[in-house]
Amino acid sequence: MKNIFRKMVTTFLMIVITLSLAACGAKHQAVKPDKNPKKIVVDKNYTADLKKENGVQVGQVYVQNNMAIATMVLKDNVSDSDAKKLADKYAVELKKAYKDMKVNVQAVRKGKNVVNITK
């Protein structure tokens with residue numbers, strides 16, 4: 001009986017460890033780019049996350065021409081340092097999800113580009 005219990009606990013722990021390691025990867029699964037490089041494919045999951053961010057008025061994450069791109073229009077009261085932190089956050093997350101693509105993150109405030117990161 002103890003042996004069966006020990007095997008069950010061991011199996012359960014292995015499953016938990018595997019799931020936790022899988023969760024450390026990209027937050028969302030990457031969308032597949034269109035065969036036409038001019039066509040935009042919107043990443044709805046990352047776009048939804050971006051729109052929920054504090055200080056973001058409008059935003060979109062999409063794939064085009066073998067590049068993952070995040071664009072955001074920030075509210076007027078967002079500081080340069082907060083804009084940079086937010087752009088860095090999405091650059092890192094998108095690079096995890098889109099390993100084989102270039103990543104570009106742009107943030108605009110008051111009609112001016114305040115952050116432009118390419119990885």
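**Strands and helices in a predicted model**

In this predicted model, five strands build an open sheet in the order β1-β2-β3-β4-β5, with mixed pairing.

User: Which strands stand at the edges of the sheet, each with a single partner strand?

Analyst: The order of the open sheet is β1-β2-β3-β4-β5. A strand at an edge has a single partner strand, so one side of it is left without a neighbour in the sheet. The strands that stand there are β1 (41-42) and β5.

User: In which sense do β3 and β4 pair, parallel or antiparallel?

Analyst: Strand β3 covers residues 67-74 and strand β4 covers residues 102-109, and the two are joined over eight bridges. The sense in which β3 and β4 pair is parallel.

User: What is the handedness of the β-α-β unit made by β3, α3 and β4?

Analyst: The two strands of this unit, β3 and β4, pair in the parallel sense, and helix α3 (residues 80-97) belongs to the unit together with them. The β-α-β unit that β3, α3 and β4 make is right-handed.

User: Which residue in the turn of the β4 and β5 hairpin has a positive phi?

Analyst: Strand β4 pairs with strand β5 (residues 112-118) in the antiparallel sense over six bridges, and V105 has I117 in β5 as its bridge partner. The hairpin formed by β4 and β5 has two residues between the strands. The residue in the turn with a positive phi, of about 55°, is K110.

User: How are α2 and α3 oriented, roughly parallel or roughly antiparallel?

Analyst: Helix α2 (residues 44-52) packs with helix α3 (residues 80-97) at an angle of about 170°, and their axes are 12 Å apart. Angles over 145 degrees count as roughly antiparallel. Therefore the orientation of α2 to α3 is roughly antiparallel.

User: Which residue's side chain meets that of K89 in a salt bridge?

Analyst: The count of salt bridges in the model comes to three, and in the one made by K89 the N to O distance is 2.6 Å. This pair links distant parts of the chain, since K89 lies in helix α3 and its partner, 36 residues apart, lies in the loop between α2 and β2 (56-64). The partner of K89 is E53.

Key. Residues are numbered from 1 along each chain as its sequence is written. This is a predicted model: local features need pLDDT of at least 70, side-chain atom pairs count only at pLDDT 80 or more; totals for chains, interfaces and linings use all residues. Side-chain values use heavy atoms; hydrogens and water are left out. Axes are lines fitted to C-alpha atoms, for helices over the stretch in contact, and angles run from 0 to 180 degrees between N-to-C directions. Helices (H or I, at least four residues) and strands (E, at least two) are DSSP runs, numbered from the N terminus. Angles under 35 degrees count as roughly parallel, over 145 as roughly antiparallel, 65 to 115 as roughly perpendicular and the rest as oblique. Two strands pair if DSSP finds at least two bridges between them. A crossover is right-handed if, with the strands pointing away from the viewer, the path from the first strand over the helix to the second runs clockwise. A salt bridge is a side-chain nitrogen of Lys or Arg within 4 Å of a carboxyl oxygen of Asp or Glu.
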